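Reader: Hello! Could you take me for a close look at one buried spot in this model and tell me what surrounds it?

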Amino acid sequence: MGVDMAPAQSNKLRWGEMEEDEGEDLEFLLPPRQEIGPDENGVKKVVEYKFNDEGNKVKITTTTRIRKLASARLSKRAVERRSWPKFGDAVHEDVGSRLTMVSTEEIILERPRAPGSKSEETKVAGDPLAQIGKAGAVLMVCRTCGKKGDHWTSRCPYKDLAQPSEGFIDKPPASEVPTVTSGPSKGSYVPPGMRPGAERTGTDMRRRNEENSVRVTNLSEDTREADLHELFRTFGSVSRVYVAVDQKTGMSRGFGFVNFVNKEDAEKAINKLNGYGYDNLILRVEWAAPRAN
Amino acid sequence: MRPILMKGHERPLTFLKYNRDGDLLFSCAKDHTPTVWFADNGERLGTYRGHNGAVWCCDVSRDSMMLITGSADQSAKLWNVQTGAQLFTFNFDSPARAVDFAVGDKLAVITTDPFMGLPSAIHVKHIARDPSEQTGESVLTIKGPQGRINRAVWGPLNKTIISAGEDAVVRIWDSETGKLLKESDKETGHKKTITSLTKSADSSHFLTGSLDKSAKLWDIRSLTLIKTYVTERPVNAVAMSPLLDHVVLGGGQDASAVTTTDHRAGKFEAKFFDKVLQEEIGGVKGHFGPINALAFNPDGKSFSSGGEDGYVRLHHFDPDYFHIKI
């Protein structure tokens, strides 16, 4: 702490006097505000300079993309209001304040069930049950209520009723308790890695996600996440859709990932959609390779 | 769709209102400054400084020149929408809650909370054309219902006032005499506090949302129950699409319980229901706390939601929203 203070003291006498110092107008020392663009992509750069709390000069570069919204019909009064001067707190708003931001996440109106049919929904629900029959019921243990072989955690009917603490700590199902509780005393904190069964579920989950991730390449530029979701939904329940987007231009970079809940569905999708003509391009659909690191 | 996030408020949102042209969005929050935004890109136009308590509700005149706000600082204020200047302050002896301009903007209804032994009340004020002639006298004061009155709106032709609140009963009052005309049935009506009330675009019916985890659609003249939308979370806010037969319910678990449970358990999505079939169409996620306020743009092509998390999220619908079939 003392080391940190040393350089500050050379600039400012005492932190208590900071406030008076701020009143001192040093702004004339700063280079003027610069605006560059917007260029053909609509990318605009604003360069501002100001002093930060330690009295150092800071250069703030804000890059924004300007997009024309679809021409909406506006009344004359509304057009007039558009040019009203700002008032209240909005007057002193600088570019860096970022009060208004566009979500980086694509939000879709999530349908309670796929619009196709009800029968598909029941099939998907039936699938894990069928698997369990083969693998032995031990696999399906609800982490919320501890019931075995009845439902998955995400479908637990007692989700809302369960005590928050129960849902939080990965409790083993009641039948396994006697063998493991000998270790830590009840109520004390157990790190996630030490919890019984935690390691197994962790690796399980990671492997499952990697396995069910499908990479889609050679997408057309204007393919959005919603489009991909639409396309892949027919094969089974999709847990995640991602389309790589160029930060600057907002254009799709031509590839994306789709995660399926069930491996079979992912397989089906690959078999069906690899080489499929979509938006006058031929899709390449394959298993996503795990990242090199 | 990629929603626009507006972080102008430091406290939970309480109310959202579009002006008639749908180009301005007014937001009220528990911080003391109502804010106006451009409804297309979410840019902040200005703030209305002057209240000294949480602002619970607001309404904007038809010509978008005057704004009325009701606040917990025991006052309701009239504002110049364009400059943010205070035009007039109505002072009360208890916190003001709901405000609503009558058709024609010549009258306004303001409700006040029960406070320090005072019962809750509905006040009708005359709104002068020229703000300098404005007086604080009430044209009419209605007392009677127990508990807070969370919403009061004008009925057709300004002949009635519809109120709803903590006692879970919807009441229709005569706006001239202050007589109670109709009361919702205890059997079919809400079982818990009514948190929100919104009229349809043509004012022929209205929708109420309640903490009993349901929303109900009522006829505005006869107060007959038309539809019930059942959900699995307490309903804090309701909105009706002016374009399609959709209703939107927002809510979520109690704010005090949010930190103790998983965010998925909170059910903070805005839920879309088919108005006629009472069936769920879908949900829009995004908030990190319960939704306290919902509003539809009068063109029906966008809607905004305000949450306990202090964010306003402005959603412009994707084209496929307009072709959803059940």
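Author: Two residues count as being in contact, or touching, if their C-beta atoms, placed from the backbone, lie within 7 Å. The model is predicted, so local features need pLDDT of at least 70 and side-chain atom pairs count only at pLDDT 80 or more, while totals for chains, interfaces and linings use all residues. Residues are numbered from 1 along each chain as its sequence is written, and chains are lettered from A and ligands numbered from 1 in the order in which they are written.

Let's look at Ala239(B), which lies in strand E22 (residues 235-240) of chain B; strands (E, at least two residues) and helices (H or I, at least four) are DSSP runs, numbered from the N terminus. Ala239(B) is buried because 24 other C-beta atoms lie within 10 Å; the cut-off is 20 or more for buried, 12 or fewer for exposed, and partly exposed in between, again with C-beta atoms placed from the backbone.

Leaving out residues up to four places away in sequence, Ala239(B) touches Thr198(B), Val248(B), Leu294(B), Ala295(B), Phe296(B) and Phe303(B). The C-alpha atom of Ser200(B), 39 residues apart from Ala239(B) along the chain, is separated from that of Ala239(B) by 8.7 Å.
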